[in-house]
Amino acid sequence: MDVARGLPRVGFVRLECPKALVDSKGILGRLRAKGYDISDSFDGADLVIVNTCGFIEPGVEESLGAIEEALAENGNVIVTVCLGTKAHDLRQRFPRLLAVTDPHVPDDVMQAVHRALPSAHEPFESLRPAGGIKLTSRHYAYIKIAEGYNHRCTFCIIHSLRGRLVSRPIADVLRETDALVSASESPEIDGVVRLTNPGALPIDDWARVRITDSDSHDLTARVI
């Protein structure tokens, strides 16, 4: 992995005709979009993709030599494009290959990369700030701890709109709260909707907690 950038690195060896060049472009674009660093050598690569030629004999021999070299220098090798149609023969000759993917199934090479080298980058999640998108001032935040209501009070519409009470797993609440606390200054945490068993939360670690709503039998002496 590229320690400086914190990205998994994929070495990419290209032995292609102009048609296979389009395949390389597509693979490289998807690798970058998924958060992989790209290298044109084996040096420092976590795995190597060899984009092969299978059209003419000299191209095949060059591709086989590149596969052999990649296995010797790196050891983690995925073969794709033209020679990918000869998966059985390649696996017999090079049993250490991580994967051999067919050029007609472009998703296969990405799946092989993900299996061997998961990316820490999730395109949608990585664009989100550490504390999530906030619609309040930075010194306080709301957390939905549960949804619904078990009591069918005639003056309240919550039970008909939201259904019966379902609490979020405490671990999820803690992760969200810790992220908000880390991203805020002197945070005030509001437990929104209804908190069941509030005494189970490690509120001593947070600057300030205000419970917006809770049944009286849920309030322990420690919470009060």
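This is a short tour of the model, stop by stop.

**Before you start**

The model is predicted: local features need pLDDT of at least 70, side-chain atom pairs count only at pLDDT 80 or more, and totals for chains, interfaces and linings use all residues. Residues are numbered from 1 along each chain as its sequence is written, and side-chain values use heavy atoms, with hydrogens and water left out.

**Stop 1: colour by pLDDT**

pLDDT is the predictor's confidence in each residue, from 0 to 100. The protein averages 76, and 65% of the residues score at least 70. Helices (H or I, at least four residues) and strands (E, at least two) are DSSP runs, numbered from the N terminus. Now select residues 190–200. Here the pLDDT is below 50; the stretch still has 46 contacts in the model beyond near neighbours in sequence (contact: heavy atoms within 4.5 Å). Where pLDDT is low, the predicted coordinates should not be read in detail.

**Stop 2: select strand β4, residues 77–81**

Five of the five residues of β4 are buried, so the strand is largely enclosed by the rest of the structure. Buried means under 20% relative accessible area, exposed over 50%, partly exposed in between (1.4 Å probe, protein chains only).

β3 and β4 pair in the parallel sense over five bridges; two strands pair if DSSP finds at least two bridges between them. Look for V48, whose bridge partner in β4 is V77. Right-handed means that, with the strands pointing away from the viewer, the path from the first strand over the helix to the second runs clockwise.

Next, show β5. β4 and β5 pair in the parallel sense over two bridges. V79 stands opposite V100 in β5. The chain crosses from β4 to β5 through helix α3 (residues 87–93), in a right-handed β-α-β crossover.

**Stop 3: show the salt bridges**

A salt bridge is a side-chain nitrogen of Lys or Arg within 4 Å of a carboxyl oxygen of Asp or Glu. The whole structure has three.

- R9 and D37: 3.0 Å, N to O. R9 sits in strand β1 (residues 9–14) and D37 in strand β2 (residues 37–39), 28 residues apart. D37 is buried, at 7% relative accessible area.
- R30 and D107: 2.9 Å, N to O. R30 is in helix α1 (residues 18–33) and D107 in helix α4 (residues 106–116), 77 residues apart.
- R175 and D172: 2.3 Å, N to O. Being three residues apart in helix α7 (residues 170–183), they are separated by about one helical turn. R175 is exposed at 55% relative accessibility.
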